[in-house]
Amino acid sequence: MLIVNNQTYRLLVRILKEGRAHIPSFAFLGGLGLVMVPVELYALLLTRKMIDQGFLLQNWNLSRNIVFVIVLLFVIRSIISYVSQLFSARLQLRINQKFQDRIFFHLLRLPMHNLTRQPTGRVMSRIIDDGTLFSTIFGQAFGKAIQEPVKVIDLVGLLIYFNFRLWAVLLISTILSFMVIHWLGKKLHVISRHIQNKDAAIYSYLEQMLTSMELIKSRATEYQTAFGYRQHLDEFIQLSLRIHKITLIARPILQVLKYLAIGAVLLYGSWMISDSVLTVGTLTTFLGATYLFFNAVSATGNLYGSLRANLARMEAVYSILDTPTEGNAVNYETPKPLAVEKLAFDSVMFGYDPAVPVLKGVSFSINAGTVFGITGQSGSGKTTLLRLLVRFYDPDSGDVRLNDQSIQNIGLTDLRSSIGIVFQENFILDDTIWNNIVYGKTDISDSQVRFASEMAGAHNFILSLPDHYHTVVGERGKRLSGGQRQRLAIARAMAADPAILILDEGTSFLEITQESAILQNLKGLRREKITIVVSHRLSAMKKADRIITLDNGRILETDFQALVNAVKVA
């Protein structure tokens with residue numbers, strides 16, 4: 001009765017199927033709601049009896065007994081309502097937790113190209129706001145969606161039982177009310193999608209601006225930034241006002257229909273009393289039942305609109321959950337790092353847009369024990385090589401192999417646990433130095449942490465901090481300098497002792513002497529493993545055993561002296 005759109009209906013069925021384990025609990029809640037319906041109806045019947053046989057006949061003993069029973073009925077109703085709402089709150093909170101966790105875990109396993117297309121704020125909105133809709137829809141489907149229509153049907157039966165002719169007076173108003181409710185639901189479904197998108201855009205804007213405060217202040221763009229936020233809020237307000245306008249139009253129409261019907265019943269019922277066809281108690285109780293009937297119709301309408309709006313928002317959530325996860329991303333048990341003897345790129349072609357290749361038939365190999373240098377101009381494809389190695393993306397053609405085995409056939413967890421990467425800008429937790437170094441590794445000893453810090457040139461600056469290794473570094477490590485953040489990231493990578501260590505401009509914030517010392521440490525420690533250094537700086541390439549230059553997606557084999565000569569010519 002509530003859902004007329006096929007797509008919306010299929011979505012509701014899907015939600016109910018996925019949450020079928022919760023159906024008994026919600027059915028119990030719906031049952032508690034249904035128990036209250038006969039309690040209210042019986043109270044109405046007792047009220048009619050009290051008026052006709054108690055008050056009008058001055059039978060005060062009967063009136064007193066009926067009042068006592070009615071009070072007892074409403075005490076029972078209040079207890080049932082309390083138990084129902086408490087149980088519902090606990091149930092919905094637990095379901096919200098599971099569903100939000102499911103969305104977040106699914107997002108973590110999505111391919112990188114899907115994640116980069118999603119603004120961070122939109123993803124946050126899907127998890128935090130829309131993640132609660134699963135239990136809300138269940139609560140609606142097994143709560144008021146059962147209780148209110150049943151109440152409407154029962155009240156219709158009671159009204160017909162009281163007097164069929166009076167019920168006929170209400171029928172036209174009832175039909176018109178349901179037409180208004182249907183129109184309201186369709187409008188809310190469409191506008192709710194727009195509100196959801198705008199809400200996500202606000203999240204995204206705030207996240208972007210709050211993480212760019214240094215840029216905002218350095219460019220003195222506080223006013224423009226605030227104005228941009230104000231524009232987003234204005235658009236959100238306009239959409240919200242559209243919903244309020246529609247609701248405010250529908251509400252008085254329903255109210256007018258209700259009071260016209262009640263007025264007609266009162267006039268017609270009064271005439272019937274004067275003609276001795278109807279009793280005062282029946283008319284009084286009929287009016288009370290009519291009021292409850294229209295309240296139930298209104299509640300059904302509100303439920304219909306809310307359910308349509310929530311289902312519209314859930315469509316966006318399921319568009320994320322239906323996105324396939326990364327291939328081979330099924331093993332999330334304890335990773336098994338690889339012993340890598342050889343890494344090879346074989347005729348690799350790749351472009352973020354297939355029509356615009358970034359890598360054009362790249363082939364090279366690296367043996368264990370090698371410090372391998374990669375250099376080239378910005379946009380030549382250096383970082384893209386590394387993204388293919390860790391399978392953030394897969395080649396359009398060609399292959400990447402470890403020990404003569406395609407990385408397509410290696411579990412992602414095992415592959416990535418065998419690779420450590422230090423970027424120019426690194427992810428630093430708003431946590432302690434210690435927790436940043438051991439991030440992702442629970443089996444690192446205290447001595448390994450300190451040794452890695454010493455080899456990364458980080459130990460001395462860590463000891464200068466107020467709480468040493470237990471110093472909290474702030475969001476994105478903002479309490480540290482750029483060089484300190486890089487040394488912290490290098491320590492994190494070295495502590496894991498990966499088979500392949502990659503420095504992607506990972507020493508760009510360091511002084512030449514610091515960089516040289518760290519690279520020398522790496523060369524001495526990693527004699528049986530692969531180290532890849534990607535940098536524009538000649539000083540970084542000086543420690544490399546072998547160097548390639550990427551030029552417009554193609555490889556030029558070179559050596560250090562050739563690089564020096566090229567710089568001199570430039």
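**Patches, rings and strands**

Trainee: Is V75 buried, exposed or something in between, and what's the value?
Mentor: V75 is partly exposed, because its relative accessible area is 41%. The cut-offs are under 20% for buried and over 50% for exposed. Keep in mind that this is a predicted model.

Trainee: Where is V75?
Mentor: V75 sits in helix 3, which covers residues 60-108.

Trainee: New topic. Is helix 6 enclosed or open, and why?
Mentor: Helix 6 spans residues 133-142. Eight of its ten residues are buried, so helix 6 is largely enclosed by the rest of the structure.

Trainee: Which ones are buried in helix 6?
Mentor: The buried residues are L133, F134, S135, I137, F138, Q140, A141 and F142.

Trainee: What about aromatic rings? How many pairs?
Mentor: The count is eight aromatic pairs. One to look at is F345 with F364.

Trainee: Why is the pair of F345 and F364 called stacked?
Mentor: The ring centres of F345 and F364 are 4.9 Å apart and the planes are at 15°, so the pair is stacked. Planes under 30 degrees apart count as stacked.

Trainee: Where do the two sit in the chain?
Mentor: F345 is in strand 1, residues 342-350. F364 is in strand 2, residues 359-367. They are 19 residues apart, and the pair links distant parts of the chain.

Trainee: Are F345 and F364 buried or exposed?
Mentor: Both F345 and F364 are buried.

Trainee: What about F364 and F372?
Mentor: The rings of F364 and F372 have centres 5.3 Å apart and planes at 15°, so this pair is stacked too. F372 is buried, as is F364. Ring pairs join F345, F364 and F372 into a cluster.

Trainee: Back to the strands. How do strand 1 and strand 2 pair?
Mentor: Strand 1 and strand 2 run antiparallel, with seven bridges between them. For A344, the bridge partner in strand 2 is S365.

Trainee: And strand 1 with strand 4? How many bridges there?
Mentor: Five bridges, again in the antiparallel sense. Strand 4 is residues 397-402. Its L402 stands opposite L343.

Trainee: Last one. What lies over the face of Y469?
Mentor: That is R450, at 5.1 Å from the ring centre of Y469.

Definitions and conventions
Residues numbered from 1 in each chain as written. Predicted model: local features only at pLDDT ≥ 70, side-chain atom pairs only at ≥ 80, totals over all residues. Heavy atoms only, no water. Helix = DSSP H or I, 4+ residues; strand = E, 2+ residues; numbered from the N terminus. Buried < 20%, exposed > 50% of the residue type's maximum accessible area, 1.4 Å probe, protein only. Phe/Tyr/Trp six-rings, centres within 6.5 Å; stacked < 30°, edge-to-face > 60°. Lys NZ or Arg CZ within 6 Å of the ring centre and 35° of its normal. Pairing = 2+ DSSP bridges.
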